[in-house]
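Subject: Structure handover

Hello,

Here is the structure I said I would pass on.

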Amino acid sequence: MLLSIRSLTKAFPGTRALDDVDFDVAAGEVHALLGENGAGKSTLIKCLTGAYQRDAGTIALDGARIDPRSTSQAQELGIGTVYQEVNLLPNLTVAQNLMFGREPRRFGLVDSRRTRVVAQAMLQQYGLDINVDRDLGTYSVAIQQIVAIARAVSLSGKVLILDEPTASLDRREVEMVFDVVRDLRDRGLGIVFVSHFLDQVFELTDRVTILRNGRKIVTETTSNLNRMSLIEHMLGRALEDAVSETHDHGKAAAPRMLQFDGIGRAGVIDPFDMTVGQGEVVGLAGLLGSGRTETAEMLFGLRQSQGGQARDVDGPLDLRNPRAAIGAGFGFAPEDRKTDGIVADLSVRQNIILGLQARRGWARPVPRAEQNRLADDYIRKLDIRTSDREKPIGELSGGNQQKAVLARWLAMNPRFLILDEPTRGIDVGAHAEILRLIEDLTAQGMSVLVISSEIDELVAVADRVIVLRDRRHVAELTGAEVTGDRIMRAIADEAAA
Amino acid sequence: MTLLTRIAPQLIALAALIALVSVFFPGFLAVEFSGGRLVGPVIDVLKRSAPVALLSVGMTLVIATRGIDLSVGAIMAICGASAALAISSGLGLAPALLIALAAGALAGLWNGVLVAVVGIQPFVATLILMTMGRGVAQLITEGRILTFTDAGFGWLGSGVLLGMPVPTWIWVVTAAAVALVVRRTALGLLIEAVGVNRRASALAGVNATVLLIAVYVASGLCAALAGIVETADIRGADANNAGLWLELDAILAVVIGGNSLLGGRFSIIASILGALIIQTIGTGILLAGFPSEYNLVIKAGLVLIILILQSPRIAAEWSLWRDSHRVEPRQRSRI
Ligand SMILES: Nc1ncnc2c1ncn2[C@@H]1O[C@H](COP(=O)(O)OP(=O)(O)OP(=O)(O)O)[C@@H](O)[C@H]1O
Ligand SMILES: [Mg+2]
């Protein structure tokens, strides 16, 4: 075995994140590490890379015991990691990012010409021919992700760990990253792949290990499992069908509630018209960079529209800034929970009531009993895994942070809720729960705008889907037109709709 | 976390310091009642800590928003000078105080707008007023030391109320009032949220801009109070020396109080303890009879020790050490 972990145990106050876990990775395999939100996947990885110190257990690499005390030490030993949030520096060039900390030197100074040449050669191994002098931030997330992989592999080169690397990629980009991963596997690396996308697990991986509540449930060859058994191992129960198969796509009779005319801004998104009915779910589909998030930000007052008008049945609405939009009964759960969602040092309770409190104003604090009730309510309803409501939200697992941010908006009971990638990083069980929740909310009259890269998800919940391409609203599918196939074709511009 | 566990490190540091000073100067804790007032070294500490304690209240709020206010020393000079000018030109006590407070609020507003609206880094934004403010104070005093004889104003600096020095009352009441307002309303939560993640807070509907301006105004008002106390104490406004370097002591008090310069959770009481620690060191060194040229070095050394003992690194090492000396049967059997 290339990497072999025995009896790994790690506890945090109030949680046993890992309990006596064994885990092996062979050279030349892609090994999926699966489990619900909070199962302990990221904790296992952090113990492995020295980011956390384990309480007990052994780690052996190539048969020799190792004990990394920091991520850089782990890298020197041969274990490289790429996290979901690209952990590179967007303001440096691609070459600088690749060679950071080990630039070729000449007369003691950084030799930028050689840096460039070496970086270029490194990326060519991955079939990537890009201008390495441009800032990393100007490239798509997929390319950034591949640069991160290239850096990790060149630094380490035995074990490569990918923690939800595809969460923010679209289909095409996922393919790009997968090709790179397969190539590395064939070169003999051991690869650990963490993901909540089960299709990708079947597509890419050779074996899977499943964790539940910090314990190892099973390690199995991927092809011996099917989707159903995988989910049962993860959840410890079967998954009821997420959303009624007979979702009727089209509360055509939904009374019109909001109308947006000519909202847009040069260079951001072409002016568009849009209506939203009461209790309706509108989906936004499109590739990354097609203007989906920009559309949402326009509607929530995060970006100013040049001209245009938003109105409800009572007249024009003021969407000057997020506060005004909230005043109009809007809510917006953003895509990037880490920078735009959570307030890391504050507790789960404080994060959940933050929006409510902001709306009430500073002088009228939400009574503590009410805060506790709300927090406990949503922790239960959304199954947020936390030892208690006073835990700093930053210490929750990624998926559970996402749920808590959602809870913040639900607690405010908006009439129009914009959800940008609401299920990103959320496990299959909770994924189904959230889709069901959206159905419930709309049944009570809330209108929802869902942005999603997962077409199945849109088909499952949306009454109407607006398709975007190149920063323009290009098609609108209603009722029976809302099928995966139609959406895909509209995105790809095959004379759709 | 309960209040007591939060401020335990500061309480322990203060107690240890008092014990240390008492070794060199056995009468340190002695307090007697004479002529209608309490007297003793401790009372002196409680009086002299007034300026830094007042500054640290506002500074705590600013730092909680991930900011810093370097201008408070200069604001003290401006406010002291305005009050002195008003008094000596015969305006009466109440108008003089109002003018000083208004000057402090205005200075804070200036800082707040630069930080929250213009978007200048707090360090740089307040550096501007730090440099400029003393010049403004000199313009007000016309380069002289403005002295006055108003007894009412003097009382604010050296008077006694219910046995205690008036400056002590001023900082105690200010700190208690601000701590109470901040915790009884949602201000504390909103300030912390903006400090940890301004963007996420704004998206959740928190009015981050107004909140940021408000904390700088609060800091300016605290500096005005500190300026009034100091000016009243020496019965004169010295634009060159009033509040000189006190911004650094105030920041130090906040840091000794265990508040992170990266913003977020804060404790005003802990900062006040920090201010008391700083003043105890200062007074203690004098009483212990060290030659005055040693003062700064000893002070820096003690502060360094306190900060090292409080650092997360040391805390982690300590818990590691403690755990490794605790026998846990389950883990033992496996090794
Ligand atoms: N630094 C920490 N402090 C306290 N508790 C933590 C810390 N990190 C993780 N935990 C807890 O350990 C448990 C496992 O978390 P982990 O991040 O490993 O989950 P995960 O499997 O990666 O979940 P997700 O799919 O949501 O990313 C959770 O209950 C989490 O709250
Ligand atoms: Mg995780």
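Below are the notes on chain A and on its contact with chain B.

This is a predicted model, in which local features need pLDDT of at least 70 and side-chain atom pairs count only at pLDDT 80 or more, while totals for chains, interfaces and linings use all residues. Residues are numbered from 1 along each chain as its sequence is written, chains are lettered from A and ligands numbered from 1 in the order in which they are written, and side-chain values use heavy atoms, with hydrogens and water left out.

Chain A first. Its secondary structure comes to 17 helices and 22 strands (DSSP runs: H or I of at least four residues for helices, E of at least two for strands). The C-alpha trace of chain A spans about 70 × 50 × 50 Å along its principal axes. Of the 497 residues in chain A, 55% are buried (under 20% relative accessible area with a 1.4 Å probe, protein chains only). Taking contacts (heavy atoms within 4.5 Å) in chain A between residues at least 6 apart in sequence, 66% join residues at least 24 apart.

Now the interface. Chain A brings 35 residues to the contact and chain B brings 24 residues. Between chain A and chain B, about 2,300 Å² is buried, with carbon and sulfur atoms giving 62% of that area (the accessible area, 1.4 Å probe, that two parts lose on being put together, summed over both). Arg323(A), Asp340(A) and Trp362(A) supply 23% of what chain A buries against chain B, more than any other three residues.

Regards

Key. Buried means under 20% relative accessible area, exposed over 50%, partly exposed in between (1.4 Å probe, protein chains only).
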